[in-house]
Amino acid sequence: MTEEELTITMALSSSSSPAILTASHFSTNPPNPKLTTTTFYFSSRFITANYSKTSFLNLNSSNNDNNSTFDDKWRAKVSFFPAFLRKKKDANVLKEELLDAIASLDRGAEATPEDQQRVDEIARQLEAVNPTKQPLKSDLINGKWELIYTTSQSILQTQRPKFLRSKTNYQAINVDTLRAQNMESWPFFNQVTADLTPLNAKKVAVKFDTFKIASLIPVKAPGSARGELETTYLDEELRISRGDKGNLFVLKMIDPSYRVPA
């Protein structure tokens, strides 16, 4: 969601273009046959050799042992391909890595640029194995979530002394009513509610309507209080979202039955 309102927020693939290596019009001393064209297509998924009916890369007048030597060297040169074919990490493993990476960062307030980069890299790996392709059509998104990491400095209130910062931030979403609510804990207990407008199966436009100071005093939100939020990973326990200002949000589910006020 937008990263500006009252410090409350809602919360590798290789190139598909193959490199082509072509060896053409090679010939050898008689009586070895002439090799007219040999083409190798290298991609991240396969290696295919298309060659003429003559012998495989017989590029000199030496015996077959030399051909074997060349073949072995060629195989050694392309041994890097398995690195591109490595199986993606399991989502549970990546979740543990992500939680370990953010555990000591005070929800992001203590994160260095290097910490932020590491967390973002793990988050992107997790997003790549997202089990919920259409989060806004899933009941898993409904309920109350606790913010456990963000890059938004306005949410983290890093410009304030620690004793004046919100200790915990929550976000609730109900896709059936297209309503959302952001809440912060002690010392201010501020809240804000919002209407959601789906932009696609992952992203919503957010329009805030009412702020509540100390959860008691209602204040109408200005027309400029709006933003966008994209959910990029979702399961029963964890949600990753990215805001329209480029900030990253990681949240854990705490109450799937919570309902946002109308």
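**Close-up 1. D235 and its polar partners.** In this predicted model, the side chain of D235 makes a polar contact with the side chain of K95 at 2.8 Å. D235 also pairs up with Y233, side chain to side chain, through a polar contact of 2.8 Å. You'll find D235 in the loop between β10 and β11 (238-243). With a relative accessible area of 7%, D235 is buried. Leaving aside residues up to four places away in sequence, D235 touches K95, P131, L140 and W145.

**Close-up 2. K95 meets E237.** Here the side chains of K95 and E237 form a salt bridge, 2.6 Å from N to O. K95 sits in helix α3 (residues 91-102) and E237 in the loop between β10 and β11, so the pair ties together parts that are 142 residues apart in sequence. K95 is buried, at 8% relative accessible area.

**Close-up 3. R259 meets D176.** This salt bridge joins the side chains of R259 and D176 at 2.9 Å, N to O. R259 belongs to the segment after β12, while D176 is in the loop between β5 (169-174) and β6 (179-184), so parts that lie 83 residues apart in sequence are tied together. R259 is partly exposed, with 43% relative accessibility, and D176 is exposed, with a relative accessible area of 52%.

Close-up 4. The side chains of R179 and D209 meet in a salt bridge of 2.5 Å, N to O. Strand β6 holds R179 and strand β8 holds D209, so this pair links parts 30 residues apart in sequence. R179 is buried, with a relative accessible area of 9%. The salt-bridge count comes to 11.

**Close-up 5. The nonpolar cores.** The largest nonpolar core has 22 residues, and I141, I173, L196, V204, V206 and F208 are the ones with the most contacts inside it. At least two residues of this core come from each of β4 (143-150), β7 (191-198), β8 (203-213), β10 (226-234) and β12 (248-255). The largest share, 4 residues, is from β8. There's also a second, separate core of 18 residues, including A91, V119, I122 and Y149.

Close-up 6. I213, L216, I217 and V219 make a nonpolar surface patch of about 370 Å². One of them, I217, lies in strand β9 (residues 217-220). For context, the accessible surface of the protein is about 14,700 Å², with 53% of that belonging to carbon and sulfur atoms.

Terms used
Residues numbered from 1 in each chain as written. Predicted model: local features only at pLDDT ≥ 70, side-chain atom pairs only at ≥ 80, totals over all residues. Heavy atoms only, no water. Core = buried A, V, L, I, M, F, W, Y, C linked by side-chain atoms within 4.5 Å. Buried < 20%, exposed > 50% of the residue type's maximum accessible area, 1.4 Å probe, protein only. Patch = residues over 30% accessible without salt bridge, like charges linked within 9 Å, V, L, I, M, F, W, Y side chains within 5 Å. Areas by Shrake-Rupley, 256 points an atom, 1.4 Å probe, with all protein chains shown as cover. Salt bridge = Lys/Arg side-chain N within 4 Å of Asp/Glu carboxyl O. Polar contact = N/O pair within 3.5 Å; in protein donor to acceptor, adjacent residues only side chain to side chain. Contact = heavy atoms within 4.5 Å.
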